[in-house]
Amino acid sequence: MTAKFLIHYGLHFIFPVCIAFLFFKNDWKKVSLIFIATMLVDVDHLLATPIFDANRCSINFHPLHTYYAIVIYFVGSFFTKTRVISFGLLLHMLADFVDCYL
Ligand SMILES: [Zn+2]
């Protein structure tokens, strides 16, 4: 296992659970599951060839990882109904963004 792999999956799974625990004390388990469920946004990788490329930067490459999509996630984080999902998607984008510089 490489450091890059550990950092990537740490940011995708452990970091969101920590954020949920710190900021959503009452329903941290539910929020953690929603945050981890935002991994589904990676479904847009299916449109790419190859589907997975460890050396490719997802940000601004895949449709749901573009800056336009990120703006929508950001706006969504201001509305109660979409706040948790939008925040999870932003954490996902942060994890993918960090990945581009490792
Ligand atoms: Zn992603």
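Predicted model: local features only at pLDDT ≥ 70, side-chain atom pairs only at ≥ 80, totals over all residues.
## Helix α1 and its cover

Two residues are in contact if their C-beta atoms, placed from the backbone, lie within 7 Å.

Helix α1 covers residues 3–23 and bends by about 45° at G10. Three of its residues, H12, P16 and A20, are buried.

## The chain as a whole

The protein chain has four helices and zero strands. Read along the sequence, its pattern is α-α-α-α.

For 102 residues, a compact globule would have a radius of gyration near 13 Å, and the protein chain, at 14 Å, agrees with this. Along the principal axes, the C-alpha atoms of the protein chain fill a box of roughly 40 × 30 × 20 Å. Buried residues make up 21% of the 102 residues in the protein chain. Among contacts between residues at least 6 apart in sequence, 47% join residues at least 24 apart.

## How α1 meets α2

The axes of α1 and α2 come within 8 Å and cross at roughly 145°. The crossing in which α1 passes α2 is right-handed. From α1, the residues F13, P16, V17, A20 and F21 take part, and they meet W28, V31, S32, F35 and I36 of α2. By class, this contact of α1 with α2 has nine nonpolar residues, one polar residue and no charged residues.

Two of the α1 residues in this contact, P16 and A20, are also buried.

## The loop between α2 and α3

Most residues other than glycine have a negative phi, and most peptide bonds are trans. The loop between α2 and α3 (67–76) is where P50 is found, and the peptide bond from T49 to P50 is cis, with omega near -5°.

N60 lies in the loop between α2 and α3 as well. Its phi is near 70°, a positive value in a residue other than glycine. N60 has 13 other C-beta atoms within 10 Å and is therefore partly exposed, since a residue counts as exposed at 12 or fewer and as buried at 20 or more.

## A69 in helix α3

A69 is found in helix α3. Is A69 buried, exposed or partly exposed? A69 counts as partly exposed because it has 18 C-beta neighbours inside 10 Å, whereas a buried residue needs 20 or more.

Leaving aside neighbours within four places in sequence, A69 is in contact with P63 and L64. A69 and L89 are 20 residues apart in sequence, and their C-alpha atoms are 9.7 Å apart in space.

## S86 in helix α4

S86 has its place in helix α4.

Which residues does S86 contact, leaving aside its neighbours within four places in sequence? They are Y73, G76 and S77. The C-alpha atoms of S86 and H12 are separated by 15 Å, and these two residues lie 74 residues apart along the chain.

Definitions and conventions: Residues numbered from 1 in each chain as written. Bend = angle between axes of the 7 residues up to and from the residue. Rg over C-alpha atoms; globule rule 2.2 N^0.38 Å. Axes fitted to C-alpha atoms, helices over the stretch in contact; angles between N-to-C directions. Left-handed = near helix turned anticlockwise from the far one by under 90°. Nonpolar A, V, L, I, M, F, W, Y, C, P; charged D, E, K, R; others polar.
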